[in-house]
Amino acid sequence: MHKSSPSRKVFVFCNAVFLTATALICILPFVNQLAISFSHSRYVQANQVMFWPMGFNTGAYDFILQGNQFMRALLVSLQRVAIGVPINLLLIILTAYPLSKAKRHFKLRNVYSWFFVVTILFHAGLIPMFMIVRFTGLIDSIWSLILPGALPVFSMLVVMNYIRSLPPELEEAAYVDGASHIRTLVSVVLPVSTPTLATVTLFSFVAHWNSWFDGLIYMNRVENYPLQSYLQTIVINIEAFFRNATNISADLALLLGLVNARTTAAAQMFLAIIPILLIYPFLQKYFTTGLVLGSVKG
């Protein structure tokens with residue numbers, strides 16, 4: 001066991017080379033974008049920036065972070081995440097648990113299951129969705145960013161299938177002890193579903209945090225834009241921003257010569273992924289636990 005055969009050594013070497021190449025393919029584009037975000041616009045326009053900043057400056061980040069609008073947009077995104085993610089989890093759990101039951105316990109299970117599956121296959125479209133949001137009075141409201149996607153059906157199906165795969169003896173023991181469905185859900189099902197709930201929590205967090213299009217169509221005032229919508233308008237209209245802005249200070253005017261659409265887009269990407277990088281390490285252990293549990297049960 002301690003002495004590797006020649007074929008084993010060749011396999012380990014080829015495996016290491018393949019994994020290293022795959023890791024470089026994944027990480028080098030991020031390194032390139034990071035270098036672009038800290039480079040001068042003239043070097044970026046000339047495509048001279050590879051993996052190290054040229055004409056190092058923080059103009060792209062200063063431009064995005066300047067003014068009060070960035071903080072307002074950040075607060076809107078934080079409010080959206082703080083309200084939207086718990087609502088997503090609540091509706092996912094309350095929908096997935098009854099749909100995980102056998103048909104003899106819930107006769108309309110197939111009807112409701114197909115009802116939700118159809119919403120994945122077919123979508124009403126942008127105009128009917130906008131009309132619903134408008135006629136319900138949600139335009140320019142934080143609820144227009146939360147309620148249209150309050151129940152992520154795909155995440156609900158993931159949780160439903162996970163609960164269905166649990167040993168039925170767990171719930172039967174709780175019922176024998178006199179527990180109700182709510183008590184069984186809270187005390188038995190949810191504690192053993194932590195890996196799956198952590199996964200759908202991350203899905204919901206990323207979906208709310210990275211969403212930008214709904215902010216553009218449901219918000220009439222820039223003050224109500226979430227962070228991603230605000231950053232998107234900056235990337236698209238960087239020149240127009242300077243052209244239409246009033247009372248530009250000398251320091252702010254100098255930024256026009258340091259940044260362009262590519263540098264601000266790169267800076268936007270890294271500002272956007274910071275919260276994801278902060279929350280992912282806390283959820284990684286639950287992903288690992290879920291893999292281990294799956295392997296043991298298999």
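## Exercises on a helical chain

The buried residues of H5 pack against H4 and H7. Contact here means heavy atoms within 4.5 Å. Buried means under 20% relative accessible area, exposed over 50%, and partly exposed in between, with a 1.4 Å probe and protein chains only. This is a predicted model, in which local features need pLDDT of at least 70, side-chain atom pairs count only at pLDDT 80 or more, and totals for chains, interfaces and linings use all residues. Residues are numbered from 1 along each chain as its sequence is written, and side-chain values use heavy atoms, with hydrogens and water left out.

### Exercise 1. The whole chain

Task: describe the secondary structure, burial and surface of the chain.

Solution. 
- Step 1. The chain has 15 helices and zero strands. Helices (H or I, at least four residues) and strands (E, at least two) are DSSP runs, numbered from the N terminus.
- Step 2. Of the 298 residues, 36% are buried.
- Step 3. The areas come from the Shrake-Rupley method with a 1.4 Å probe; for residues, only the protein chains shown count as cover.
- Step 4. Take the contacts with a separation of 6 or more: residues 24 or more positions apart account for 72% of them.

### Exercise 2. Helix H5

Task: find which residues of H5 are buried and which exposed residues lie on the face turned away from them.

Solution. 
- Step 1. H5 covers residues 109–121 and reaches 19 Å from its first C-alpha to its last, close to the 18 Å expected at 1.5 Å a residue. The expected span is 1.5 Å times one less than the number of residues.
- Step 2. Arg109, Ser113 and Phe116 are the buried residues of H5. They cover an arc of only 70° around the axis, so they sit on the same side of H5. The arc is that of the directions from the helix axis to the C-beta atoms.
- Step 3. An α-helix has 3.6 residues a turn, so residues three or four places apart point the same way.
- Step 4. The face turned away from the buried side carries the exposed residues Val111, Trp114, Phe115 and Leu121.

### Exercise 3. Helix H9

Task: check the span of H9, then locate its buried residues.

Solution. 
- Step 1. H9 has 12 residues, 181–192, and should span 16 Å at 1.5 Å a residue; its end C-alpha atoms are 16 Å apart, which agrees.
- Step 2. Thr184, Leu185 and Val189 are buried. Their arc is only 95° around the axis, which puts them on the same side of H9.
- Step 3. Their cover includes H4, helix H7 (153–165) and helix H8 (168–176).

### Exercise 4. Leu227

Task: is Leu227 buried or exposed?

Solution. 
- Step 1. Leu227 is in helix H12, residues 227–236.
- Step 2. Leu227 counts as buried because its relative accessibility is 2%.
- Step 3. Beyond four places in sequence, Leu227 touches Phe70, Ala73, Leu74, Ser77 and Trp209.
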